[in-house]
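Subject: Structure for you to look through

Hello,

I am passing on the structure we spoke about, and below it I have set out what was found, so please keep the view open while you read.

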Amino acid sequence: MADDGIFVNFDLGDAPLVRKQQKFTGGTWRERNKANRLAKEAQAQVQPAPSSTKPPRVPYDLSRPVKRLRTDDRVAEQRQAKIPRTAESAPYVPSHAIKTGLVSSSLFTSNPQAITKFDEPPPEEAEPAKPSNAPLSEEAENFRSLGMWTRVAQHLATKLEMKAPTAIQKNTIPQLIKDDSDAFLQAETGSGKTLAYLLPIVHRIMALSLNEDGTPNGIKVHRNSGLFAIILAPTRELCKQIAVVLEKVLRCAPWLVCSTVIGGESKKSEKSRLRKGVNILIATPGRLTDHLDNTEVLNVGTVRWLVLDEGDRMMEMGFEDDIRRIVGKIRADKLAPTNEEGLVLDKALPKRRVTVLCSATMKMNVQKLGEISLEEAVHIHASKAEMEKDAEVGSTEAAFTAPAQLKQSCIIVPAKLRLVTLIALLKATFARKGSVMKAIIFISCADSVDFHYEILKDPAPIEQPPSDAPPTNTKPNIHIETTVSPAAYITSPANTKVVLHRLHGSLAQPVRSATLKAFTECKDPAVLITTDISSRGLDVPAVDLVIEYDPAFAFPDHVHRIGRTARAGRSGKAVLFLLPGPEEGYRNLLSSDPKSVPMEPYESVVQKGLAAAVNLPTGTPVPATTEKQTWTSRAEALQLHLEQRLLANPDAPADGETDSVKGKPAKGGANAKTHKRPQEKKESPLLVSGRQAFRSHIRAYATHIKDERQYFNMEELHLGHMAKAFGLREAPGGIGSGISRRTHKFTAPSRQKSGAGAKQASSSRSKFDDDEFGGGNDDENKKRMAAAMAKMSMNMNSASEYNIG
Ligand SMILES: Nc1ncnc2c1ncn2[C@@H]1O[C@H](COP(=O)(O)OP(=O)(O)OP(=O)(O)O)[C@@H](O)[C@H]1O
């Protein structure tokens, strides 16, 4: 009653205001309880009736808190408050304080509980699995015994430190040297497929100028002798990487030349390189089609090999038409038995055009790709076991597994705690110097990559060298100024420098190339935040950890992502973030024995990561530390700090803030309207980025393939909770139909084939797709994108078609 500020006149009569309660002692607690109850009942019966005489006026107590307005928010909070809180959870927080940035709503209440029983962590001393993608033993196999020229075998052993082949190389090299059949190479990630197809090509081109014993036969082969092989790959990064590997191999045959034609680079310089002569060309499909149409000097009459690396990926990226055109054009050009100089090519090169398709996984679209490009292809596996497994399950995606030595685990993290858990995981990962050198974080879309890079990087300006320091001649690399930065939060006293990188397809090509180079060559511990653009083929040997912060859109993409670690027999770890609820079921897809992918509760990760205080970047909000510095209060403080960073207005003068922001009650009482920030308030770039990232993330979530939507169900997403993972205090609007500010769970956008639904799918796609569409000009890219979009709206059961990184 006091809280209402209402006064009712009661006649209290002569009865004492509060009757002294009788105290019972002795007996059991049950007996005392009963006695108390009976006494209370008896007291109630003798209560006098109220009299109508006025009581003396009670003076108004000014110290009494003013009652807060009843708002919808408060009702929600009160409802929420009924949910039992844990001992360590934060106290009830009024909504106005949350909105003004003073405090944050609790991280630890109202979270859905994990369904799965958590597994015991595997014992540390458990014997690690034997690597399944490592080179074979030198005693058993070497490149010479596979039929390679001694010169090449020695070069591999001495210059590239590759003494023995891997299993897929052992099975592929003799086949492609001796036989002219098409081939389909399928082996685990990191098993050396690139060299498996490159080495036989190089061997056979070298054979044009060598006798059988490897001595020169007097025939000169040079860059103008003809274009003998074209290698297609889905991304520019992958093309460049293949070119680097090939250039290294060709150092033992320097008369042969390879080159690339990829999107995003000057077509003019590509043309001039083609004019000078190339023997092996590496290309993205779009740019190659462009050159085939417009560059006269590109003659495919001598081409004997067409390699489709990551062929299934090219199909899903909408390159089907380009591949058809390339295959059609090459086949239409009659195979020339000799080159323009009269050199007999059939002597050493295949007598027919050979197509090689390769991937660690094959989606269903591979059948179509096979129809387009392969004729009676030989299926080459790395091992007999893989072949048997494949025969058992058929060519379905379930047959593809990660390297045996790769340790996978899942963390079940409620949406609200995702960002804090990610920071805790990274902090624990880099706590010990040298334990992890490089980590890759996969995120669903480019906007979200940008946001996470911004929030995790150190916002402090880079220190300038003192003016009396000797001037350095090294120019700053302008391409990586916005994509490489020291990290905040995740450094530790032992490991003071962790370098953060971001990479996605919306960045300009020179920036992409420079960033990837910086990550690959970084000598300090480094983190790459990226989209699926980095999931295929990328080979950075020192990657020890892959974090799938957002699960892949289709299972084969998961296999490729985690395959960025544990390459060529090295060890590696992969951690997948899943939400409690249906997503937990996804674990069953990850391995035939789900127990081999242990489930961890987020609590243990956060507890470990936040065991010590987090170093907050200088110049950022420092939340008041709570008395109890438990891991939960550290997590709450970290979340509050992150949210405050989004709310900070960098341009506003300090006195532009309202009193409440500084932590004082606003003038005129708590329910006065002075909580409003000044009209001219600008939003911080981080807040804008967080909102954009949230929207794109939610849209991207809708594109999980149909078969996996039972795990990634839009209707189970709690938008308000998810917003917190982006440092937001409420879910922003503008995601699409079915969303309203107060709706907690997402209502999936309609999936019409045309009209609003299709439009929305299209716009959502354009927000989070970020690659690539490989090469070609802008118009062609747009066309390809439009074709992919049309497909998307027509057939949402194959959303993986659009997860273009
Ligand atoms: N015979 C070998 N001995 C030692 N290392 C090798 C050998 N062959 C390849 N490697 C190394 O193995 C790593 C992986 O090779 P590669 O990139 O060809 O794998 P991949 O099977 O194509 O993987 P993905 O499917 O992920 O593209 C590279 O760093 C490469 O240098």
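The shell around the ligand takes at least three residues from each of two domains, domain 2 (170-393) and domain 3 (414-460 + 479-650 + 682-737). Please bear in mind throughout that this is a predicted model. Sorted by class, the shell is made up of 8 nonpolar, 9 polar and 3 charged residues, and of the 20 residues around the ligand, those that come nearest are Thr189, Gly192, Lys193, Thr194 and Ala568.

Among the helices, H6 (residues 193-206) contributes the most to this shell, namely 3 residues. Ile205 also lies in helix H6, and because 25 other C-beta atoms are found within 10 Å of Ile205, where 20 or more are needed, this residue counts as buried. If its neighbours within four places in sequence are left aside, Ile205 is in contact with Phe228, Leu256 and Asn279, while its C-alpha atom is separated by 33 Å from that of Ala542, a residue 337 residues apart from it along the chain.

In helix H9 (residues 285-294), 7 of the 10 residues are buried, so H9 is largely enclosed by the rest of the structure; the buried ones are Pro285, Gly286, Arg287, Leu288, Thr289, Asp290 and His291. Helix H21 (residues 685-701) is likewise largely enclosed by the rest of the structure, because 15 of its 17 residues are buried. At 1.5 Å a residue, H21 should span 24 Å, and this agrees with its end C-alpha atoms, which are 24 Å apart.

Best wishes

Key:
Residues numbered from 1 in each chain as written. Predicted model: local features only at pLDDT ≥ 70, side-chain atom pairs only at ≥ 80, totals over all residues. Buried ≥ 20, exposed ≤ 12 C-beta atoms within 10 Å, placed from the backbone. Helix = DSSP H or I, 4+ residues; strand = E, 2+ residues; numbered from the N terminus. Expected span 1.5 Å × (residues − 1). Near = placed C-beta within 6 Å. Nonpolar A, V, L, I, M, F, W, Y, C, P; charged D, E, K, R; others polar. Domains from an automatic or database assignment. Contact = placed C-beta atoms within 7 Å.
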